[in-house]
Amino acid sequence: MLEDTPAAELKQVGQETLRIDSKIKVTGQAEYVSDMEMSGMLHARVKTSPFARAKIRSIDTSKAEALSGVRAVVIGTELDYKLGLYVVDKDILAKTEVRHYGEAVAAVAADTLEIAEKAVGLIEVDYEELTPVLHPLEAIKEDAPRVHPDLGNYSYMEAAFSPQPGTNIANITRLRKGDIEKGFEESEWIVEREYTNPSVQHVPMETHVAIVQWGHDNKITIWSSAQSPFTVRNLFCNAFKLPHGNVRVIVPYVGGGFGGKAGVGIEPLVAVLSKKAGGRPVKLTATREQEFSLLPCRSQLTYRIKTGVSTEGKILAQEMIMYWDSGAYADYAVNVTRASGYSAGGPYEIPNAKVDSYTIYTNKPYGTAYRGFGHVEFFWGLERHMDLISEIVGQDPLEFRKLNALKPGSITLTGEKITENHGSVSKCLDAVANSIGYGTLTEKEKAREKKTGMKIGKAVASLHKAPAMPSFTATTVVVKMNEDGTVIANLSLIDYGQGTYTSIAQIIAERLRCPAEKVKVAFETDTDRDPYDWQTVASKGLILSGNAAILAADDLLEKAYADAAQVLRANTRDLDHDGDKIFVKHHKESFVTFKQLAIGYAYPNGNAIGGQLIGVGRYIAQGLSNLDKETGQGLPALDWTYGAHGMIIEINEETGEYNVLKVTSSYDVGKVINPDAVRGQSIGGMVQGLGTATCEGYIYDERGRLLNPSFTDNKIPTARDIPLEIETIPIETPQLDGPYGARGVAEHSMIGVAAALGNAIQHATGARLMHMPLRYEDVWRALQNKEPVDNWITKSPYGSCRSTPEL
């Protein structure tokens, strides 16, 4: 839906615009579910397992039920419901076996939070602890305990996923392109290495919270801090076998999500408590510790890459194996496997490729969507690998990337042909390299090295990502005109901090040619009253909802023009409009205002025409297809957003301590709708990526107990950790089917940050790091053990090299 309007003529799109939710949030007027209180509302608390894997011999709730003020107690054996987004494998409460540390085994609803907490403490659970399986490489062994012995009996989305009954494999995504064996035979160099990273928590400011009231005739209302109200409704109704019209989901302001609130979460548990309590509303707010163990996280990844390269430095073949740790349940992890599988090669042209991406059950908290949807994890390995290869073949890392970058005419791993309008990763790389002075040190930097005694390193990393979503993903926007000519837009894309509603308001204002201040985007979403949207994930919001907003505004204008044509006795083709009125092009003094038309035009004698001006815009992803399960060929990508990071660090070679001095990020966004939003997303995601890179990660003991389930030992970055200098450089290669040429950039800012840091540390010191996070002590160890580059070469034009383990 690219517009031909010259950028200089755009009045709203491309302009800096204050976020429409900024003032109401900073003044504390925005209401979140966490703030809500209701008459007769009960408070819930959850009993969780201290074991990673154990049989539940018995649960005694008698003391809890006898406590004054307790209104409901539930355990798993009471509940005959099964949950799951793509694989239906999860009980609301564990029944006969717990599958991860922190899993819920019982829940209480009481008059006060204090009573609920006391009651949970009175519940007695008799466990038989079992040996857990804690790593995906152990879990895929034939003799490993089966996390889900009944996997073959679970229902699942057959078009996209392939659970393997009798194993711990929840899904396999395979891709095959070209002739991988021939590619390796023709390669002068073959380089192999393994890269790993741990599970990570989303850490939204507002934890998971829901209020549910199970009313008469099974009519249920859910208030939830959720990213995707229609998905909550759909999965809830599927689990409870209820008509969709029985369930109403209301989502007010949301205090962050980052993917952790994308599916159904605590809502079913709160619902059964409300039902057992006689229909009283029940509220459950997860504690911060429960966010780390009861609720989902980002999946751990082990990534093995084998690359064949020509003498000239061209990638000829690449074999990629991903072992994703799903944790105890499949949830979004199986789709992370799929999305990362078809993106696994990065923004590079690889003529011969093989990808096997596994989702593997273990006895750990389960994995789900997380900003970047697997790309943060595998780009850590991929972009570290690109630096390793360039070193081995003797090429500059920047030039090696540009030599192998996708360009018009290139074919992706799934068979998609790249065109001029896909965007350019090379332009992004050049932009960040120029910004950081890549390849040299300035006199100022040399002086800093001399003064501090620290070495300065510079590096780049590239990235790409497409929206990970079904081929039939759809959304709708409704635009309604008020009596005074202002406009309200209703949609079910949730703005939980990314600023999309402001961009939608700008797009609508551009079509209506009015100031953005005249467009209100309603924040509270209600599935009974608002139009459908699949989910708020995948950086698909701007492109899909933006297009729907254009169609809705155009639909409103079409109706307005039809009414105006009658009033002005003119043909609609002779009409034009500005922000206040519709007029005859060749007689501009002949006009009718939007205010006059807004709810129906009344003639002087009382006759009337029209009615409320309302526009409906429906948009669905076009031209996409499912992937062939054996070859991975197909068209899964709505669009690709390319990008790159450039980083400058300084490091103490004796202690491993380092500082990030500058980060420059560049993304080909197609068209900047709101410069402030692009910069905000860029900085916010980059800092979040630094957290992943420097300090975040789950740590377990040998029994599968999480040792760092709080901010005491599981740190996230603070203002003190932000780089001294940050720069954002948008590139604009218009997306033909994007609103005004735009494409999403919500997740991309987090992808590749860790690799840029690892590369910069290596460039400065020679320390080779293959696992993140890169804590100071990890860097110090790498400095003490600088492994020779030959360790990862299995084929060389100079003769045979030490062989690494087969993939």
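How many bridges join strand S20 (residues 487–490) to S21, and do the two run parallel or antiparallel? Three bridges join them, and the two strands run parallel. The model shown in these views is predicted, so that local features need pLDDT of at least 70 and side-chain atom pairs count only at pLDDT 80 or more, while totals for chains, interfaces and linings use all residues. Residues are numbered from 1 along each chain as its sequence is written, and side-chain values use heavy atoms, with hydrogens and water left out.

**View 1. An open sheet of four strands in the order S21-S20-S19-S28.**
The pairing in this sheet is mixed, where two strands pair if DSSP finds at least two bridges between them, and where helices (H or I, at least four residues) and strands (E, at least two) are DSSP runs numbered from the N terminus. Strand S21 (519–521) and strand S28 (614–620) are the edge strands, each pairing on one side only. From one strand to the next the twist averages 20 degrees, with axes taken as lines fitted to C-alpha atoms, for helices over the stretch in contact, and angles running from 0 to 180 degrees between N-to-C directions. Helix H14 (residues 500–512) packs on the sheet and touches strand S19 (474–481), S20 and S21, its direction making about 145 degrees with that of S21; contact here means heavy atoms within 4.5 Å. Helix H15 (residues 541–568) also packs on the sheet, touching S19 and S28, and its direction makes about 145 degrees with that of S28. Within S21, Lys520 is the bridge partner of Ile488.

**View 2. An open sheet of four strands in the order S18-S29-S30-S31.**
Here too the pairing is mixed. Strand S18 (455–465) and strand S31 (725–731) stand at the edges with a single partner strand each, so one side of each is left without a neighbour in the sheet. Neighbouring strands are turned by 15 degrees against each other on average, direction ignored. S30 and S31 run parallel and are joined by seven bridges, and Thr664 has Glu727 as its bridge partner in S31. Helix H13 (residues 443–452) lies across S18, strand S29 (641–651) and S30, running at about 120 degrees to S18.

**View 3. The second largest pocket, with a volume of about 510 Å³.**
A pocket is defined on a 1 Å grid over the protein atoms alone, as an open set of points where a 1.4 Å probe fits, with protein on both sides within 12 Å along at least five of seven lines, and lining residues have an atom within 4 Å of a point. Grid points are joined across faces, edges and corners, and a volume is the space filled by probe spheres set on the points. The pocket is lined by 22 residues, of which Tyr658, Asn659, Arg720, Asp721 and Tyr776 lie nearest its centre. Strand S30 (658–668) and helix H17 (675–694) each supply at least two lining residues, and S30 gives the most, with four.

**View 4. An edge-to-face aromatic pair formed by Phe230 and Tyr532.**
The structure holds 21 aromatic pairs, in which rings of Phe, Tyr and Trp (its six-membered ring) have centres within 6.5 Å, with planes under 30 degrees apart counted as stacked, over 60 as edge-to-face and the rest as tilted. The rings of Phe230 and Tyr532 are 5.3 Å apart centre to centre, with 65 degrees between the planes. Phe230 lies in helix H6 (residues 229–240) and Tyr532 in the loop between strand S22 (525–526) and H15, so the pair ties together parts that are 302 residues apart in sequence.
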